[in-house]
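Please keep the sequence and the model in view while reading.

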Amino acid sequence: MKQNFVSSLQDGQTVTSHFLVCVKEIRATRDGKSYLRVELGDSTGRVEGRMWSGFDAMAATFERDDFVKVQARVEKYRDKLQLAIEKIRRAEDSEVDPADFFAHSKENVDEMYARLLEIVALVENPWLRRLLDSIVQDPEIVPRLKRAPAAKVMHHAFYGGLLEHVLSLCNLCRVALGHYPEANADLLLSGVVLHDLGKLNELSYERSLGYTDEGQLLGHIMIEYELVAIKIDAIEGFPSELKTLLLHMLISHHGQYEFGSPKLPMFREALLLHYLDDLDSKMAAIRSALDSDEGEGNWTGFSGALQRRILRTERFLAASTTTPSEPNAAAQAAAGGGRSTKENE
């Protein structure tokens with residue numbers, strides 16, 4: 001049984017607990033003093049840890065993605081909690097329950113996958129439906145599709161997050177298509193299902209979330225462009241014009257050159273995909289910030305994804321739920337709402 005979770009750490013506390021090693025590195029201060037820096041995680045978050053002396057032998061016992069047992073003091077540094085590590089060693093898998101260490105979607109992954117198949121079955125264009133079937137039912141893709149996060153940090157950064165993000169976007173598509181019926185539903189939904197497919201290979205998510213070498217070098221847009229192009233080319237007779245439209249949606253869905261899109265969205269469905277994707281990712285980032293215990297007063301901690309703190313609006317909204325009372329005649333007169341005696345004559 002895990003003793004302490006990241007979300008429950010308190011300044012000044014002494015803890016002995018198990019964590020997952022998300023980052024491990026040996027660093028040096030400006031005066032050349034070496035120290036061990038780690039990022040330790042569990043299902044509730046991450047915390048940085050540092051060990052300043054006697055770490056060589058202990059650091060040699062574990063690597064990134066190992067479970068470790070840690071004895072440390074919790075300290076606050078620059079308004080963030082961190083661990084001053086006294087002892088650390090590799091832990092055996094038998095010592096821990098993996099469920100304590102991996103944040104995952106609150107939704108049932110198999111049920112989400114079944115809903116995705118239902119959505120794909122509603123696509124009327126036979127070429128797009130055949131393409132989507134060849135991807136979402138590929139036995140090499142399905143296990144990763146059920147497990148992959150949608151990002152390392154920015155949004156839906158948990159196991160099953162990619163499926164949750166895609167299904168959320170499908171729901172947004174229904175609303176958008178009801179308001180903009182001129183958009184092609186099959187093309188938009190196909191873009192939604194495929195737009196983050198490259199993250200299956202961009203991210204590593206066997207244990208801690210990180211980037212693969214391929215992900216670091218190419219990024220998910222280039223990875224999914226190649227994957228989808230190969231799948232399209234395997235379908236004899238697939239219309240070249242439809243291929244061009246779909247691939248453009250993939251490479252333009254970040255919306256701006258500075259955000260990694262090789263091209264800007266240049267037709268209706270591509271632009272819709274970009275803005276719906278951006279909206280869903282930002283709402284997920286706000287949800288994550290509000291769910292966190294970080295911050296003080298009415299404000300969350302700083303959100304790196306949104307580059308701001310978020311106001312907790314509960315107190316403000318609670319004050320507006322009371323029914324306003326009717327002002328009496330004296331109050332109306334004082335406010336200028338009644339007529340003067342002279343006016344009434």
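The model is a predicted one, in which local features need pLDDT of at least 70 and side-chain atom pairs count only at pLDDT 80 or more, while totals for chains, interfaces and linings use all residues. Residues are numbered from 1 along each chain as its sequence is written, and side-chain values use heavy atoms, with hydrogens and water left out.

Side chains of opposite charge can pair when their charged atoms come close. Arg37 belongs to strand S2 (residues 34–42) and Glu25 to strand S1 (residues 14–28), so that the pair links distant parts of the chain, twelve residues apart. Helices (H or I, at least four residues) and strands (E, at least two) are here DSSP runs, numbered from the N terminus. For exposure, buried means under 20% relative accessible area, exposed over 50%, and partly exposed in between, with a 1.4 Å probe and protein chains only. Arg37 counts as buried because its relative accessibility is 8%, whereas Glu25, at 25%, counts as partly exposed.

A further salt bridge joins the side chains of Arg46 and Glu39, at 3.1 Å from N to O, and Arg46 counts as partly exposed because its relative accessibility is 35%.

Elsewhere, Lys146 forms a salt bridge with Asp110, with the closest N and O atoms 3.0 Å apart. Because Lys146 lies in helix H4 (residues 142–147) and Asp110 in helix H2, this pair ties together parts that are 36 residues apart in sequence. Both partners are partly exposed, Lys146 with a relative accessible area of 25% and Asp110 at 47%. Salt bridges that share partners also join Glu25, Arg27, Arg37, Glu39, Arg46, Glu48 and Arg50 into one network.

Helix H6 (residues 185–194) is mostly covered, with nine of its ten residues buried; among them are Asp186, Leu187, Ser190 and Leu194. Taking contact to mean heavy atoms within 4.5 Å, the elements that cover these buried residues include helix H2 (109–121), helix H3 (126–136), helix H5 (161–179), helix H8 (213–233), helix H9 (240–252) and helix H10 (268–291). At the start of H6, a side-chain oxygen of Asn184 reaches to within 3.2 Å of the backbone nitrogen of Asp186.

Note on methods. Polar contact = N/O pair within 3.5 Å; in protein donor to acceptor, adjacent residues only side chain to side chain. Salt bridge = Lys/Arg side-chain N within 4 Å of Asp/Glu carboxyl O.
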